[in-house]
Amino acid sequence: MLDSERVVRQLDIDYAYRLAKRMEEHGSNPTLGYRPAGSDAEKKTGEMLRKEMLDIGLTHVRREEFVVDGWEFHHAEMLFDTPEGKRKAVLGAYQTTLQTEGWETCQLVYVGRGEAKDYAGLDVKGKLVLADINQRDEWWINYPVYQAHLKGAKALIAVQRGGYGDADDEALNAQDIAGPADAPAFSMARRDADALMSVLDAGSETTVSFCADTRVIPDTRDGNIIGEIEGEHPDRLVLLSAHYDSYFSGFQDDNTAIAMMLGLARAIVKSGCKPKNTLVFCAMAAEEWGVTDSWFDWSTGAFEQVNTLHPEWAGKVIADLNFELPAVAHGTRARIRCCYEYVRYLQEFMAKLPQLTDAYRDPPSVVAPIETMSDDFSMAIAGIPSMVNDFTGGSFMETHYHSQLDAEEQYDPAVYRYHHELFAYLLAALDHTCLVPLCFAPVMERVLKYLPEDESLCRQLAPLRQAAEAARGAAEQAYRSIRETNLRYAALLDEGREDEAEQLYQSCREKEKQLLARFKQEQDTLVRIDWDGHVFYPHELVLSSIEHLQQAEEGLRQENVPCALRHLYQVDNNAYAFTFDEDVFRHFTTYMTDQPKERLKWGAGRLMPHADLYTTVRALLDKHAAGSADCQSEQKRLHQAGENQKMLLEKVLQTMMDFVSLF
């Protein structure tokens, strides 16, 4: 079994730091780096990691392949005249295709924020368009890019005006494109854009020289790199994961995570401990992007790992410890973000932690649920209870994330060592369990938290509330039994009573199988996402839509169109209905609802039925602009939409009742 103190003594963060730096050796772009999905740079880095796993002493080391849409980004540059002389801008890129024949002379047009109205009176066919965006606070890159594409633009050049890359005006930014490959897009630093704007007014154009070589390559073979430390129980697995593809050099995101994962493996091997559970170390490819023209285009490698390559892992893996950006502080305390079922166990684990390296002002904490931003979401919905060192709480996401500023200057060795120690102790604690320590009480607490008191809204509200309260109590009692069993097992191991411990372990196999099956069922029944990728339970989304539709209807009754619109913008993706042409809205609606599962990936079945209000929103905008208060037809449409949502709520609550009643 794992001895935490022996493992911790073998930790070497200098080794991990050096490995993180070695991962920068291969890049598809000679200036900026980039190791995108299926690229030659990603493959070379994967081969280096495969050899590293062998050198560490891992067993069953292999590359496991799957198919992605690959991407090779070699370069993109622009030359333009300014009052100070000619200026050269190095551009970043998004996962699209554009190959010029060397330097080409192009016209460039500034289109403001890239909304439909910004193209009024402009001819941009065959031209480059420059647009200001803020992806965190407004819309994703795909909307203005596709709008430019439909207007006939050669490519869109995006400038981040807040939201990302805020650390420096030289920062470039890269995100997943979530759009078609034939709508090219690039990113420009604010300083270069400001210089370019010195010769541009809104709606005007200038001549530039432009060259680019970026290609999306469908049906590319990609691969995750796997190694193991065999345990005494070969069919009970603990998975450790991080991703090795990157934008730019990817020092924090995610070189240091890969290096920490292998640093833990190295320390375990050097400690001489043989774990009870088999430990599987998985360097994931294609996390940043891996499928074209899909909103769910990231976490592709993880999704393929547990749905195509190893679906049998669900039921065998008791936990996935996923790592992201672990060598920089994201707030005043370390946090583990996990699925609800692991909250109780992790809270108890943290309460017993020994003193770790002094890196944070506050003690560590547990947050839930997991989010769609990292591979642990794909793992969880496949049936593998998952967690990740939380990385979204600090300023790094706005200042350095996905930019060339993600470099060693942000490296914090104390934080890095802290995370090494934290997860070394967690691995040892999990190795002392014979039952997966899942508690479903927090799931029921989430169900209850968002059940309204107004039972006239739906006849299922009161029965579901009663059933969830009863299920919460049953879940707490069941977890107490799990905890007692695990404490007894750990005590037997610590006392050297191996035979008795093994008997107890074997007696728990069927119960653990049932717990993991229940976890998968909960994920299928309750875990849904909104149109921005945030995780909710289904009744929360429907109740929110009902409330906003009722408020919008009331606004129209009071002839307050702006009030009605503010509420309609909160329903599904209807905030985009007033911003972009209908063809843009339709494309990014239907591709989230009507594509085959193999392109929807982890988003398949996670959205609630769409409330399409485009026509209503546009009609209200037109009437308000014309000064008309006659909105009776729109009011009727909103009322019907609300009734449809109430019928949907009945079905949702019945499905939830069927699940809750199992406890």
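1. Let's start with how helix 4 and helix 18 pack. In this predicted model, the axes of helix 4 (residues 142–150) and helix 18 (residues 582–593) come within 9 Å and cross at roughly 125°. Angles of 65 to 115 degrees count as roughly perpendicular and those over 145 as roughly antiparallel, and helix 4 and helix 18 are therefore oblique to each other. The crossing of helix 4 past helix 18 is right-handed.

2. Helix 4 contributes Asn142, Tyr143, Tyr146, Gln147 and Leu150, which meet Asp583, Val584, His587, Phe588 and Tyr591 of helix 18. Sorted by class, the residues in the contact of helix 4 with helix 18 are six nonpolar, three polar and one charged.

3. Now for the second largest pocket, which holds about 560 Å³ of space. Its lining is made up of 22 residues, and those nearest the centre of the pocket are Tyr345, Phe349, Lys352, Ala429 and His432.

4. Which helices each supply at least two residues of the lining of the second largest pocket? They are helix 1 (4–9), helix 8 (343–351), helix 11 (413–431) and helix 13 (461–494). Helix 13 gives the most, with seven residues in the lining of the second largest pocket.

How values were computed. Residues numbered from 1 in each chain as written. Predicted model: local features only at pLDDT ≥ 70, side-chain atom pairs only at ≥ 80, totals over all residues. Heavy atoms only, no water. 1 Å grid on protein atoms, 1.4 Å probe; cavity = no way out; pocket = protein on both sides within 12 Å on 5 of 7 lines; lining within 4 Å. Points joined across faces, edges and corners; volume = space filled by probe spheres on them. Helix = DSSP H or I, 4+ residues; strand = E, 2+ residues; numbered from the N terminus. Axes fitted to C-alpha atoms, helices over the stretch in contact; angles between N-to-C directions. Parallel < 35°, antiparallel > 145°, perpendicular 65-115°, else oblique. Left-handed = near helix turned anticlockwise from the far one by under 90°. Contact = heavy atoms within 4.5 Å. Nonpolar A, V, L, I, M, F, W, Y, C, P; charged D, E, K, R; others polar.
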